[in-house]
Amino acid sequence: MRRLAAGNWKMNGDGAALAEVRALVASHPDPVCEMLLCPPATLLSRAAGAAAGGALALGGQDCHPRPSGAHTGDVSAAMLREAGATYVILGHSERRADHGEDDALVAAKASAALAAGLIPIVCLGETEGQRDAGETLDVVAAQLDGSVPDGAPPDRLVIAYEPVWAIGTGRTPTLPQITQVHAHLRARLCDRFGAAGSGIRILYGGSVKPDNAAAIFALRDVDGALVGGASLRAADFGAIVAALDAA
Ligand code: PEP
């Protein structure tokens, strides 16, 4: 499988930030891993222009479950695709918290993404309270079961394990904790998809930085990363891409 370094710019970035896209494309013309940035929807087509001819893929950060219609402020999967996206992040914990998104809605969005030709990156992860209560494995398994639609093709599906308490905090689980959750998700995927489950990419996300990336990428069943803050600067994200290539 080709591993994936995915950057999530969240609600950050304006036209000036396209310089970072150009710098990343110039510094990584031929990465071993797949390199992806998910800028705000307003920047998607301009980022696609800035990345043209390079090895950088682009993605959205959310999509509506319906293909079109009276949904003010929303963006469809087909619109993202037309703007240059090939991936879309779905069910990020910030959307689950800010917009009350539940597993069923995330699954519907993933179906819409697949129908439009996008690869969904389905995010899941426990809160700190859930971890402290010893519920992590049950929580992520339930999210996985509920957020991945039936019939999703394993080769067009990415899972991102992102402990909520590690996002944007500078804190990360221990390496054994990451290994334990990824192994649990892998087993669950193999139960559901059979042997093809072993080829589904499982990303780790939550305060991945240039200085901790190599240790995380060395772990079994970590097939890349979803990176927030450290994806905003080409130098930092490029260092994470390099760490994944070296792993
Ligand atoms: C994220 O937004 O998915 C994320 C992991 O953020 P950060 O890397 O900043 O923790």
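# Briefing: pocket, barrel and surrounding helices

Helix α4 (residues 93-98) gives the largest share of the lining of the largest pocket, three residues. Helices (H or I, at least four residues) and strands (E, at least two) are DSSP runs, numbered from the N terminus. This is a predicted model, in which local features need pLDDT of at least 70 and side-chain atom pairs count only at pLDDT 80 or more, while totals for chains, interfaces and linings use all residues. Residues are numbered from 1 along each chain as its sequence is written, and side-chain values use heavy atoms, with hydrogens and water left out.

**The largest pocket**

- The largest pocket holds about 590 Å³ of space.
- It is lined by 20 residues, and M11, Q61, D62, R95 and H99 are the closest to its centre.
- A pocket here is an open set of points on a 1 Å grid over the protein atoms alone, where a 1.4 Å probe fits and protein lies on both sides within 12 Å along at least five of seven lines; lining residues have an atom within 4 Å of a point.
- Grid points are joined across faces, edges and corners, and a volume is the space filled by probe spheres set on the points.

- H92 sits in the loop between β4 (87-90) and α4.
- H92 counts as buried because its relative accessibility is 5%, where buried means under 20% relative accessible area, exposed over 50%, and partly exposed in between (1.4 Å probe, protein chains only).
- Leaving aside residues up to four places away in sequence, H92 touches N8, K10, C123, E162 and I167; contact means heavy atoms within 4.5 Å.

**The barrel**

- Eight strands form a closed barrel in the order β1-β2-β3-β4-β5-β6-β7-β8, with parallel pairing.
- On average, neighbouring strands of this sheet are turned by 25° against each other, direction ignored.
- Axes are lines fitted to C-alpha atoms, for helices over the stretch in contact, and angles run from 0 to 180 degrees between N-to-C directions.
- Strands of a sheet pair through backbone hydrogen bonds, either parallel or antiparallel.
- Two strands are taken to pair if DSSP finds at least two bridges between them.

**Strand β3 and its pairing with β2**

- Three bridges join β2 and β3 in the parallel sense, and L37 stands opposite L58 in β3.
- Five of the five residues of β3 are buried, so the strand is largely enclosed by the rest of the structure.
- From β3, L56, L58 and G60 point one way and A57 and G59 the other way.

**Strand β6 and its two neighbours**

- β5 (residues 119-124) and β6 (residues 158-161) run parallel and are joined by four bridges.
- Across this pairing, I121 stands opposite V158, and L124 has Y161 as its bridge partner.
- β6 also pairs with β7 in the parallel sense, over four bridges, and I202 in β7 is the bridge partner of I159.
- Both faces of β6 are covered, with V158 and A160 buried on one side and I159 and Y161 buried on the other.
- I159 has 0% relative accessibility and so counts as buried.
- Beyond residues up to four places away in sequence, the contacts of I159 include V122 and L124, as well as L144, V148, L189 and I202.

- L18, V21, L24 and V25 are buried in helix α1 (residues 18-27).
- Seen down the axis of α1, the buried residues fall within an arc of 115°, so they line one face of the helix; the arc is that of the directions from the helix axis to the C-beta atoms.
- These buried residues of α1 pack against β2, α2 (44-51), β3 (56-60) and α10.
- In α2, the buried residues are L44, A47, A50 and A51.
- Seen down the axis of α2, its buried residues fall within an arc of 120°, so they too line one face of the helix.
- The cover over the buried residues of α2 includes α1, β3 and α3 (77-83).
- Helix α10 (residues 234-246) lies across β1 (4-8), β2 (34-38) and β8 (224-227), and runs at about 160° to β1.

**An exposed loop residue**

- A195 belongs to the loop between α8 (175-193) and β7 (201-205).
- A195 is exposed because its relative accessible area is 70%.
- From C-alpha to C-alpha, A195 and P154 are 9.9 Å apart in space, and they are 41 residues apart in sequence.
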